[in-house]
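The sequence and the model are shown first, and the description follows.

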Amino acid sequence: MAARNALLKYLRVNVTPVVQNPRVIGGGVIQLFRRHFSEEVRGSFLDKSEVTDRVVTCVKNFQKVDPSKVTPTAHFQNDLGLDSLDTVEVVMALEEEFGFEIPDSDADKISTITHAVELISSHPQAK
């Protein structure tokens with residue numbers, strides 16, 4: 001139930017009555033309803049190119065990173081020489097940049113700029 005309520009907090013569904021096949025029950029007409037996602041919700045995710053630019057900029061500003069080595073496909077450890085603690089600090093900087101908390105289970109999977117972009121661009125709370 002808690003997961004359902006958390007999901008419904010961010011999911012808006014428009015309901016439009018459809019009168020194509022009305023059903024009559026007890027003298028009253030019951031309309032069938034069609035559900036569809038509102039444009040507002042579909043359009044609320046950040047654009048991947050914008051997220052990529054912001055993530056790259058955020059990583060370039062990390063003091064232990066050589067900005068010339070940062071690319072949209074850079075691996076934190078292999079390409080940028082960051083250790084696991086540095087990666088945690090980068091994830092924290094990304095949380096601050098995009099205004100939401102990245103769960104530990106997702107943060108543990110972020111090892112490249114591409115991973116970070118995928119996670120952030122698909123998160124409804126990212127700003």
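## Salt bridges and their surroundings

R54 is buried, with a relative accessible area of 18%. The model in which this residue is described is a predicted one. R54 takes part in a salt bridge with E50, and the closest N and O atoms of the two are 3.2 Å apart. Both residues belong to helix α3, where they are four residues apart, about one turn of the helix. An α-helix has 3.6 residues a turn, so residues three or four places apart point the same way. E50, at 34% relative accessibility, counts as partly exposed.

A search of the whole structure finds four salt bridges. One of them pairs the side chains of K48 and E118, with 2.8 Å from N to O. K48 lies in helix α3 and E118 in helix α6, so this pair ties together parts that are 70 residues apart in sequence. Another is formed by D86 and K64, whose closest N and O atoms are 3.0 Å apart. Because D86 lies in helix α4 and K64 in the loop between α3 and α4, the pair ties together parts that are 22 residues apart in sequence. Salt bridges that share partners also join E50, R54 and E97 into one network.

| Residue | Relative accessible area | Class |
|---|---|---|
| K48 | 41% | partly exposed |
| E118 | 39% | partly exposed |
| D86 | 5% | buried |
| K64 | 49% | partly exposed |

## Overall architecture

The chain contains six helices and two strands. Along the sequence, these elements follow the pattern α-β-β-α-α-α-α-α. The chain has 127 residues, of which 31% count as buried. The accessible surface of the chain comes to about 8700 Å², and carbon and sulfur atoms hold 53% of it. Among the contacts with a separation of 6 or more, 49% are accounted for by residues 24 or more positions apart.

## The nonpolar core

Which residues have the most contacts inside the largest nonpolar core? They are V55, V59, F98 and I113, in a core of 27 residues. The elements that give two or more residues to this core are α3 (48-60), α4 and α6 (113-121).

V55 illustrates how residues from separate parts of the sequence meet. Leaving aside residues up to four places away in sequence, V55 touches L94, F98, I113, A116, V117 and I120. Several residues of helix α6 are buried, namely I113, A116, V117, L119, I120 and S121. The cover over the buried residues of α6 includes α3, α4 and α5 (104-107).

## Loop residues

L46 is found in the loop between α2 (39-42) and α3. This leucine is buried, with a relative accessible area of 16%. Not counting residues up to four places away in sequence, L46 touches V51, R54, F98, S121, A126 and K127. The C-alpha atoms of L46 and S121 are separated by 5.4 Å, although the two residues are 75 residues apart along the chain.

The loop between α3 and α4 holds H75. A polar atom of the side chain of H75 lies 3.0 Å from the backbone nitrogen of N78. Beyond residues up to four places away in sequence, H75 touches L80, S111 and T112.

N61 is also found in the loop between α3 and α4. Is N61 buried or exposed? At 62% relative accessibility, N61 counts as exposed.

## A nonpolar patch on the surface

Nonpolar side chains are also found on the surface, where L85, V88 and M92 form a patch. Together these three residues have about 300 Å² of accessible area.

Technical notes: Residues are numbered from 1 along each chain as its sequence is written. This is a predicted model: local features need pLDDT of at least 70, side-chain atom pairs count only at pLDDT 80 or more; totals for chains, interfaces and linings use all residues. Side-chain values use heavy atoms; hydrogens and water are left out. Patches are made of residues with over 30% relative accessible area and no salt bridge: like charges are joined within 9 Å, nonpolar side chains (Val, Leu, Ile, Met, Phe, Trp, Tyr) within 5 Å. Accessible areas come from the Shrake-Rupley method with a 1.4 Å probe; for residues, only the protein chains shown count as cover. A nonpolar core is a set of buried Ala, Val, Leu, Ile, Met, Phe, Trp, Tyr and Cys residues joined through side-chain atoms within 4.5 Å. Buried means under 20% relative accessible area, exposed over 50%, partly exposed in between (1.4 Å probe, protein chains only). Contact means heavy atoms within 4.5 Å. A polar contact is a pair of N or O atoms within 3.5 Å; within protein, one must be able to donate a hydrogen and the other to accept it, and residues adjacent in sequence count only if both atoms are side-chain atoms.
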